[in-house]
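Please examine the sequence and the model displayed below. The paragraphs that follow lead through the arrangement of the chain, part by part.

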Amino acid sequence: MTADSVQSLIDQLHEEAALDLPDAETPEVGIVMGSDSDLPTMAGGQGKRPGASAALAEELGFAEQTDYENPPEARFTFETFVVSAHRTPELMYAYAETAEQRGLDVIIAGAGGKSADLPNMTASIAYPLPVIGVPVQEKSVDSVIGMPQGAPITAVDAGKSFNAALTAAQILSRQHPELRERLVEYHRDLQEGVGDVSRDLHELGTPGFKDAYWEE
Ligand code: AIR
């Protein structure tokens, strides 16, 4: 038995898949997570470092698409859903099964706990669409990456959803030179930051650096 709220999402996914919208109007990246308790890891906030959504939105110029039929202005977009492999297996199946037809190019899937099956099952069902798995906790790593030969998944280390977003953009950038530029620019900024911090640490000395950078 499938709950009404879940069934309506499943129906919506199938309806959207049937629309056959042009690529530029559909989200390139789908972010799914096993629970909204994964959101701090997948997006950032609540004491967690920036995650996949932040990398896409703040570093790479993506907009979040919240209405499949009314895309934002931005050329590159992502969408976000909670999809639980164990609590809502039918939704997981529908999301993965319709992903390619709905115009997604890559999925970032995160789950926590010891049975973190959303990433690997999504990868199996959505194949040949690439899926990047995010183990939300250390104890989820084996579950996410433990796929049999012939059933691939790409995965990042526990909690590193930010890197999953960069990998997604790397995949997309092979077809979109603007994204390649954004990735190169992001990396340049990253290096700039390290260089600035290194110079400050060296020139201020450790106590001076702590005074300048650390909040008491
Ligand atoms: N989870 C949810 N459905 C299947 C799994 N494996 C995971 C979520 C979350 C953890 O279980 O991805 O990391 C705890 O979920 P909750 O909703 O109890 O906070």
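The C-alpha centres of domain 1 and domain 2 are separated by 30 Å. Domain 1 covers residues 4–175 and domain 2 covers 177–216, bounds that come from an automatic or database domain assignment. Eight residues from domain 1 and five residues from domain 2 make the contact, where two residues are in contact if their C-beta atoms, placed from the backbone, lie within 7 Å. On the side of domain 1 that touches domain 2, helix 7 (residues 161–173) supplies the largest share, four residues. That side divides into four nonpolar, three polar and one charged residue. Here Ala, Val, Leu, Ile, Met, Phe, Trp, Tyr, Cys and Pro count as nonpolar, Asp, Glu, Lys and Arg as charged, and the others, Gly among them, as polar.

This is a predicted model, in which local features need pLDDT of at least 70, side-chain atom pairs count only at pLDDT 80 or more, and totals for chains, interfaces and linings use all residues. Residues are numbered from 1 along each chain as its sequence is written. The protein chain averages a pLDDT of 97, and 100% of the residues score at least 70; pLDDT is the predictor's confidence in each residue, from 0 to 100.

Helices (H or I, at least four residues) and strands (E, at least two) are DSSP runs, numbered from the N terminus. In helix 7, the buried residues are S161, F162, A164, A165, L166, T167, A168, A169 and L172. A residue is buried if 20 or more other C-beta atoms lie within 10 Å of its own, exposed if 12 or fewer, and partly exposed in between, with C-beta atoms placed from the backbone.

Around the ligand there are 15 residues, of which the closest are G34, S35, S37, S84 and G112; a residue is near a molecule if its C-beta atom, placed from the backbone, lies within 6 Å of it. This shell divides into five nonpolar, eight polar and two charged residues.

Several loops deserve attention. K114 sits in the loop between strand 4 (106–111) and helix 5 (118–126), and K114 counts as exposed because it has 9 C-beta neighbours inside 10 Å. Leaving aside residues up to four places away in sequence, K114 touches K139, S140 and S143. The loop between helix 5 and strand 5 (131–135) holds P128, and the peptide bond from Y127 to P128 is cis, with omega near 15°. D20 lies in the loop between helix 1 (4–19) and strand 1; D20 has a positive phi of about 55° although it is not a glycine.
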